[in-house]
Amino acid sequence: MATVLTVLAALFVLFALVLPRDYDRFAVAEFLRIPVEGLLAVVLVLVLPERPRRVVAVVGGVGLGVLLVVKVLDIGFEEVVDRPFDLVLDWPLLTPAVDYVDVTSGRFAAIAAVVSAVLLAVVVVFLMTGSAVRLTGVVGRHRPVVTRVVAVLAVVWISVAAPGLQVAPGVPIASHSTAEFVYDHARQVRAGLRDQEQFAVESAVDAFRDTSADQMLTALRGKDVVVAFVESYGRSAVEHPDMAPKVGAVLDEGTRRLAAAGYASRSAFLTSPTAGGGSWLAQATLLSGLWIDNQQRYRTLLASDRLTLGGAFRRAGWRSVGVMPGIVKTWPEGEFFDYNRIYGFDDLGYRGPRFGYTTMPDQYTMSMFQRNERDAEHAPVMAAIPLLSSHAPWSPQASAVDWDEVGDGSVYNSMKSGEAPMEDIFGRDPSVVRDDYARSIEYSINTLVSYVETYGDDNLVLVFLGDHQPAQFVTGADASKDVPITIVARDPAVPARTAAWGWSDGLKPGPQAPVSPMNTFRDQFLTTFR
């Protein structure tokens, strides 16, 4: 039993040292490497007296346990948001993750997930510490044998490291990945600590801070302007071979339908500050004209007096509103965006079911916006509307109904709905998940096209865009953070002003369509329609 425990302890330590930080790299070859960090640790134990050796074992075990926990967080973040976990800036993102589990799998599942994660982290650190202490004792009791083994392994390590020998393509036998991992995260921590100072410098520059009302948005006077964020609508939807034929067909058909109704449309790409999640970061980036790629920047932005796109319209005389179907609690942050009115979930009067994470179908959201803000005689309105129907898990989906039948949402009660379990995404064939995702994007795009056909006029300008790409298991590895953006208008003066942007004609941006950082759109828009 003692021998078995020692072998298990050694394997556990080895597992922590060679575990890849990216799930896509999981392969047997990755676990056949020789970690130099392990050899150096054994050498340190060999030269230390007994008491310091025990202290080093405990400290090293705790450190290696924490490192393993951070590697697991990296794997999760790489899989969902396509980047490693940031030890300084990313802790607030765990709350939305818990909320997602709560909505899609139930409160009990969310509590169980949190408790399990905390307990697992504690157990990992405890077991790793115990393993380090046990192995240190073995080294102390068998110094001659261990010394010879380490000497042989060190020679092997140097021999295979010099010529770069690999156990598999891209997998060197001589590993120093843990040292690289620690170094990368140390640099990341330093950058995170300096980020607030850098953001203060960036946010101090605002070309429109002091622009007077009579000099702002003069080219859009009298028009209703809608900025709709389509959840998870990324470049992959129009270019990935599994999804592009379906989504592309809907975009092409939408272009023809709008053209038949007299509307022109142009499209391009914006690079989002986030991927896989963090919609609020993308929305804040577009509306503020600042690059908001972490929660620290978001909180700093909310405490500032930065002019947002909604605030610019309000200053120029528009009624500015935010239609926020995903806001189910109090939202004091909304004051920053300078809306005359914010419609949260409780203000929209929805009496239908949830569809997965989605609080209400996009068609209902647009219908309530129309009824509350555009049906009667009204002053020009600018609305920012985050749409949710294309939010993961993408199944089940609402179906389109006649606009006259939307009512209070009760019409959706006869449709298949409910809470989609987590395995609907993570345990299914990726091609099936992509099909569900593509179908949800088709629904959202068709909803916007139908809205323009039904309620549009010469004074409607619609801008719709994705907030971010979906998770990496949908897009595939190495996908960009680009999202499509489209502007639609019937008044020819609007597309005429945007001609200099060089955007593609139609709802679908072409492969050579311009790509701009998302934070540049506010200034581009305000400059063009000044």
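**Exercises on burial and ring pairs**

At 2% relative accessibility, Phe525 counts as buried (under 20% relative accessible area; exposed is over 50%, partly exposed in between; 1.4 Å probe, protein chains only). The model is predicted: local features need pLDDT of at least 70, side-chain atom pairs count only at pLDDT 80 or more, and totals for chains, interfaces and linings use all residues. Residues are numbered from 1 along each chain as its sequence is written, and side-chain values use heavy atoms, without hydrogens and water.

**Exercise 1.** Find the geometry of the aromatic pair of Phe313 and Phe525.

Solution.
- Rings of Phe, Tyr and Trp (its six-membered ring) pair if their centres lie within 6.5 Å; planes under 30 degrees apart are stacked, over 60 edge-to-face, the rest tilted.
- The search of the whole structure gives 23 aromatic pairs.
- In the pair of Phe313 and Phe525, the centres are 6.2 Å apart and the planes 45°, so the pair is tilted.
- Phe313 belongs to helix H12 and Phe525 to helix H18, 212 residues apart. Helices (H or I, at least four residues) and strands (E, at least two) are DSSP runs, numbered from the N terminus.
- Phe313, at 0% relative accessibility, is buried.

**Exercise 2.** Work out how strand E10 (residues 460–466) is enclosed.

Solution.
- Leu460, Leu462, Phe464 and Gly466 are buried on one side, and Val461, Val463 and Leu465 on the other.
- Seven of the seven residues are buried, so E10 is largely enclosed by the rest of the structure.
- Strands pair if DSSP finds at least two bridges between them. Seven bridges join E10 to E5, in parallel, and five join E10 to E11, antiparallel.
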